[in-house]
Amino acid sequence: MGATLIIARRELGAYFATPLAYVFVLIFLMLSGVFTFYLGGFYERGQADLVAFFSFHPWLYLFLVPALAMRLWAEERKSGTIELLLTLPVTRWQAVLGKFLAAWLFTGLALALTFPLWITVNVLGSPDNGVILASYAGSWLMAAGFLAIGSCMSALTRNQVIAFILTVVVCFLFVLSGFPLVLDAVSGWAPRVLVDAIASMSFLTRFNAVARGVIGLQDLLFFVALAGVWLAATTVVIELKQAD
Amino acid sequence: MIEISQLAKNFGEIAAVRGIDFTVRPGDVLGFLGPNGAGKSTTMKMIAGFVTPSAGSVRVCGHDVQQDPRGAQRLIGYLPEGAPAWEEMAVLGFLRFIGAVRGVHGAECTRRVEDVIERMGLGGVRRQRIETLSKGYKRRVGLAQALLHDPRVLILDEPTDGLDPNQKHQVRELIRGLSGDKIVVISTHILEEVHAVCNRAIVIAGGRIVADGTPQELEARSRYHRAVHLHFSDRGADSDAAEARAALAALEAVSEVEVQAGGRRLVVVARPGANPLGAVARLVHDRGWLVDELHVERGRLDEVFRDITREVA
């Protein structure tokens, strides 16, 4: 087993060694229920699908994922264990990826625990289960994007609260980057290409298609690439901090 | 072998380490001494590959820590300052994790973990979470972690800090008991420790090396090196002490005689390079002074330490 997986396993174990895992999963399930039934109008829609459930995921992740990601590196720095971890014979990339994988698998678990909803729609009607599965995969990939941003923000500071706030702000910009709130700020001076590029980064635009079951490979690759870039940025931040 | 050349580290405007050079050979137990903030920990962090040097290089058994950090880190057992550990883990799980990351698996991992648990006396707490342990136990968990893969190089930042006298003794015994082909670097500000375990001491102050030698050589720099203490018995006359003071001060090997304990204790300070013991003993015998205590000092490391580090600071 590679060092990445050994680190991921230790990290995942740490979630369950504290109340963190249980509190997170509980809140995640409660909030996704609230979003689906009250805001999404699951019953009122009268359709056997999970669009009401998935369309709120960007907003759900906006606050819950930073809460999970804020401790990734800030806590290691605060407690000094970062020194232990980075003086073991592992590369920074292995450490970054291992810790990220643990957090990502954990969000995957939280997501999987929403399965009663899937059972419910199957009891009430006959949904397209392929679409639901694809939406789950899309949602999980979007979580990877949020987590990778959080990982980088967490590496910047030893203070978890700062890491949380920075992550929420950056994620918020990404969620809304296709909307006037963000675009108006740049469209006045930036070239058209840049404005289009920023617009194409929008989590919300990308994910709305995914939530409706229109899964474009582009959208999935977008989240994978985004996660990759932010994780690479995390290793750079850690390296710069070591030289600081 | 650890080869350090022109190693320097700046934190912004502050120069923590200002170009130090030294080499440590297999079999050396090097004591790294210095006041707090002298650059001891920073140097150790650079050897272990945690802090990137601003200039200079560190080579550990041929592996440049900058170019090939993994190669160097495989050979090093490192106890960071304060012995950090993932507190929510149990001792056993923590050590097994370190073993796994270091590429020790299966039965071999179990054997080594049991071995360090035994050597560090952690048997009673093996299933306890690290956060519930006392400071002394935490330190020993950190040491166990550093020793687990039987490294050729041990870098221990304040290994006995927070331990009680028995535990300190145990850790020193352990360091002494390491086989003679290992390289051990320990930082400490406990000077007796240098005496107890090190065969070489480097004193660093203000980011520079200010002394490098055996503990005996450092002691020889003390004003009290080979000083002879005499205590006059209560049964003797006070005049004895007064007479002795003048007689002793007249000896060739003596630079000064200090008076303590109301005149009953004399400290005969040697001239540099001289040994006054023989002459003093003869004098005591010839004059028939009633002396109930006579001993020779090796030198006061703490005083030497203060002298050489104060000049810099």
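Student: Which residues of α4(B) are buried?

Tutor: This is a predicted model. Helix α4 of chain B covers residues 106–119. Counting a residue as buried at under 20% relative accessible area, the buried residues of α4(B) are B:C109, B:V113, B:V116 and B:I117.

Student: Why do the buried residues of α4(B) line one face of the helix?

Tutor: An α-helix has 3.6 residues a turn, so residues three or four places apart point the same way. Seen down the axis of α4(B), the buried residues line one face because they fall within an arc of 105 degrees.

Student: What do the buried residues of α4(B) pack against, and which exposed residues does the face turned away carry?

Tutor: The face turned away from the buried side of α4(B) carries the exposed residues B:A107 and B:E118. The buried residues pack against two elements of chain B, α3 (91–101) and α5 (135–147).

Student: Which element of chain A has the highest mean pLDDT?

Tutor: Chain A as a whole has a mean pLDDT of 88, with 99% of its residues at 70 or more. Among its elements, the lowest mean, 73, belongs to helix α3 (residues 42–45) of chain A, and the highest, 96, to helix α8 (residues 92–112) of chain A.

Note on methods
Residues are numbered from 1 along each chain as its sequence is written. Chains are lettered from A and ligands numbered from 1 in the order in which they are written. This is a predicted model: local features need pLDDT of at least 70, side-chain atom pairs count only at pLDDT 80 or more; totals for chains, interfaces and linings use all residues. Side-chain values use heavy atoms; hydrogens and water are left out. Helices (H or I, at least four residues) and strands (E, at least two) are DSSP runs, numbered from the N terminus. The expected span of a helix is 1.5 Å times one less than its number of residues. Buried means under 20% relative accessible area, exposed over 50%, partly exposed in between (1.4 Å probe, protein chains only). The arc is that of the directions from the helix axis to the C-beta atoms. Contact means heavy atoms within 4.5 Å. pLDDT is the predictor's confidence in each residue, from 0 to 100.
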